[in-house]
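Visitor: I would like a close look at a single part of this protein. Please keep it brisk.

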Amino acid sequence: CGVFGVVGVSSAANFTALGLHALQHRGQEAGGIVVHDPEQGFNTVRRFGYVRDNFTQQDVMDMLPGPIGIGHVRYSTSGSKGATAIRDVQPFFGEFAMGGAAIAHNGNITNADSLRRELIERGSIFQSSSDSECIIHLMARSLQRNIPERMKDALRRVEGAFSVVAMTRTKLIGVRDPLGVRPLVLGKVGDGWVLSSETCALDIIGAEFIREVEPGEMVVISEKDGIVSHRPFEAKKPRFCIFEHVYFSRPDSILGGQSVYSTRENIGRELAKEAPVDADLVCPVPDSGTPAAIGYSLESGIPYAMGIIRNQYMGRTFIEPSESIRNMGVRLKLNVNRALVRGKRIILVDDSVVRGTTSHKIKEMILEAGAAEVHFRIASPPTAWPCFYGVDTPQREKLLAATMSTEEMREHLGVDSLKFISLDGLYRAVGEAKGRDPASPQYCDACFSGDYPVEPSDQIHKGFQL
Ligand code: SF4
Ligand code: MG
């Protein structure tokens, strides 16, 4: 998901809509905005579909006046599986002692089931099936005398990954979990302040990047006091999601001081070193494989070409929750450039193989178009474990790499060769010259390694085996 917030501007809703539009790649099912206006109080609009279709209409924007607001773009990682219900669309808003608050959450709470059970037993009235709603109820129950303190109380009970943007009537609040699994950055626009999942949403509104919210940090921002930084949690060594670098973030964003684009190009270069092959063309599976394919081509000297053309009117396949649509989605979204690939030995570069749907369909299409050989090169290690921190990987059984070796996958996909970047190679590409430190890994890489930095306790209750 993507989160955004702004305070101290004339129309918070306009800025938020633009910011969410730039974060649309992080969630395409639904989006919502909450604002506060001194006269009208809190207002919210939450809708299915793209930001550009909902938050451009004058009648919608007229409902959202005020100088402070937050927003969220959603793709479902918890709560009602499959199709999202409108009740699960964020931000969530509630009134309680010390005033109301709204929150938008990116990540996944790993102890949400047990928190929810406990809260319901003690009288909380839930409005959604989302894990994120727990935070609001925990805040409402806190005995602290102001909302930032209540939020600290709440988040100290929450386990898992969270980058949260929240607002009171006058304050914008940003928090990252102690491991800093999901991103969150701070920017300045005119006299106002911005919080966003990624820097690309600062660019769209002409905001200046100030810094990242640090892992374990809470920033409380108001027009009156500016930024006040808090440290509500016990300090831990950060474990940022390495998959943000591989796939999730936009290539024009900066993560941890590094350009996502150049990291992906480095991944492609590493792949070319680790898994060279003689071929005629390097082609990306667009768009997610594009920067890595460029890197592979630069390193290997094999020409880069667009052997697969993407229909720009389709969203991200993976993020489409229903399996049948995802299957068809590949053809709706990608087509082979027949004239180019005929008779050629093609290296196809994609970011990841999850269920194998994309690679399987593409191999069929490209062989049908007359390619002489197909070599898959994947910009991440085999995805053998589900993510419980906010990326919607399927159950373990559905992950191709959970049940098959790389050679079995190659056979299953029916390609001439299949190679994944090594975990160390990936770490080198993100700037860790010595690779992964096995004693104390620098990133979260659980979907590749099975090394979960936070125990997924709800999942373990449901029978998941580490
Ligand atoms: Fe990111 Fe994978 Fe960790 Fe999930 S499990 S947070 S996708 S690295
Ligand atoms: Mg892709």
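How many bridges join strand β7 to strand β8, and in which direction do the two run?

Guide: This is a predicted model, in which local features need pLDDT of at least 70, side-chain atom pairs count only at pLDDT 80 or more, and totals for chains, interfaces and linings use all residues. Residues are numbered from 1 along each chain as its sequence is written, while chains are lettered from A and ligands numbered from 1 in the order in which they are written.

Now the strands. β7 covers residues 160–167 and β8 covers residues 171–176. They are joined by 5 bridges and run antiparallel. Two strands pair if DSSP finds at least two bridges between them. Strands are DSSP runs of E, at least two residues long, and helices are runs of H or I, at least four long; both are numbered from the N terminus. Within this pair, valine 164 stands opposite valine 175 in β8.

The pair belongs to an open sheet of 6 strands. The order is β5-β6-β7-β8-β12-β13, and the pairing is antiparallel. β5 (92–96) and β13 (226–230) stand at the edges. Each has a single partner strand, so one side of each is left without a neighbour in the sheet. The twist averages 20° from one strand to the next. For that angle, axes are lines fitted to C-alpha atoms (for helices, over the stretch in contact), and angles run from 0 to 180 degrees between N-to-C directions.

Next, β9, β10 and β11. Strand β9 (residues 185–189) has 4 bridges to strand β11 (residues 208–212), and these two run antiparallel. Here lysine 188 stands opposite glutamate 208 in β11. β9 also has 5 bridges to strand β10 (residues 192–196), again antiparallel. Valine 189 has glycine 192 in β10 as its bridge partner. β9 and β10 form a hairpin with 2 residues between them. Glycine 190, in the turn, has a positive phi of about 55°.

Last, the whole protein. It contains 18 helices and 23 strands. Its C-alpha trace spans about 70 × 45 × 40 Å along the principal axes. Of the 466 residues, 54% are buried. Buried means that 20 or more other C-beta atoms lie within 10 Å of the residue's own; exposed means 12 or fewer, and partly exposed is in between, with C-beta atoms placed from the backbone. Residues 24 or more positions apart account for 69% of the contacts with a separation of 6 or more. A contact requires C-beta atoms, placed from the backbone, within 7 Å.

Key
Contact = placed C-beta atoms within 7 Å.
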